[in-house]
Amino acid sequence: MGEVIRLTRVSRSFPAVRALSEVSLQVGRSEYVAIVGPSGSGKSTLLHTLGLLDRPTSGSYELDGIETTTLSDRARTRLRGERIGFVFQSFHLLPHRSVAENVMLAEVYGSFSRKGRRERALAVLDQVGMGHRVEFLPGTLSGGERQRTAIARALLGGPSLLLCDEPTGNLDTGNTAAVLDLFDGLREQGLTILVITHDDEVSARAERRLRIVDGLLYEDS
Ligand code: ADP
Ligand code: MG
């Protein structure tokens, strides 16, 4: 199998600014890549592009060998639901739904059968060490537990790519370490993880660091 991510000279222009400028990037299976860069440098635009939430103005983006830039919106939504998981700084859990329900909601997009949904949710919750909290409401959980719930939600459907935007931004040192350990375990199972971060602890654990400045991507060595 080839790369999970293959960007070739991807640009994204807005009327006043070129947020991504001829970005090329290849990321293989099980890689853990950290992306750093100042505010306004294009990090979110890159993450949205990789997550099929935004389309490049020019260039090519192959995900798991599938050229995505020419797909219909519908096909892109489906591909996103099946192959990409998102983790955000602020968890985005629904407050009035249990941990298990929050995870199950991830399958609403994509072509998943309803059958076995709860069992699949419980399996990913076990995987992140949240099997003892499945009926809790998010408000009763610690920050680390909320983020692990959000990671379980991202894992439902067995994505090949996990995209994370400041995943430890709201966590203390202990919970950050727990999330990073979890990422290590997921990589060993073949998941590719790409993390935007300001946290040195998070980028230090990555085998590859990329820096983005004014829409240009550099490999840090
Ligand atoms: P970062 O996440 O690194 O802070 P962004 O990717 O959000 O940077 O933004 C990169 C540049 O693109 C900024 O100059 C920003 O103002 C611009 N930009 C991002 N999204 C839009 C948009 N939807 N419309 C216009 N300009 C945008
Ligand atoms: Mg941003």
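View 1. Strands β9 and β10 run antiparallel and are joined by five bridges, where strands (E, at least two residues) and helices (H or I, at least four residues) are DSSP runs numbered from the N terminus, and two strands count as paired if DSSP finds at least two bridges between them. Leu210 stands opposite Glu219 in β10, and the hairpin has two residues between its strands, with Asp214 taking a positive phi near 50 degrees. This is a predicted model, in which local features need pLDDT of at least 70 and side-chain atom pairs count only at pLDDT 80 or more, whereas totals for chains, interfaces and linings use all residues. Residues are numbered from 1 along each chain as its sequence is written, chains are lettered from A and ligands numbered from 1 in the order in which they are written, and side-chain values use heavy atoms, with hydrogens and water left out.

View 2. Strand β6 pairs with β7 (residues 161–165) in the parallel sense over five bridges, and Phe88 stands opposite Asp165 in β7.

View 3. Leu163 is buried, with a relative accessible area of 0%; buried means under 20% relative accessible area, exposed over 50%, and partly exposed in between, with a 1.4 Å probe and protein chains only. Not counting residues up to four places away in sequence, the residues that Leu163 touches include Leu47, Leu50, Ile84, Phe86, Val87 and Leu194. The C-alpha atoms of Leu163 and Ile196 are 8.2 Å apart in space, although 33 residues separate the two in sequence.

**View 4. Buried and charged residues of helix α2.** Arg76, Leu79, Arg80 and Gly81 are buried in α2, whose buried residues pack against β4 (58–63), β5 (66–67) and β6. The side chains of Glu82 and Arg78 meet in a salt bridge at 3.3 Å, N to O, a salt bridge being a side-chain nitrogen of Lys or Arg within 4 Å of a carboxyl oxygen of Asp or Glu. These two residues are separated by about one helical turn, because they are four residues apart in α2. Glu82 is partly exposed at 23% relative accessibility, as is Arg78 at 47%.

View 5. Glu135, in the loop between α4 and α5, and Arg118, in helix α4, are 17 residues apart, and their closest N and O atoms are 2.6 Å apart in a salt bridge. Arg133 forms a salt bridge with Glu145, the closest N and O atoms being 3.1 Å apart. Arg133 lies in the loop between α4 and α5 and Glu145 in helix α5, so this pair ties together parts that are 12 residues apart in sequence.

Terms used: Contact means heavy atoms within 4.5 Å.
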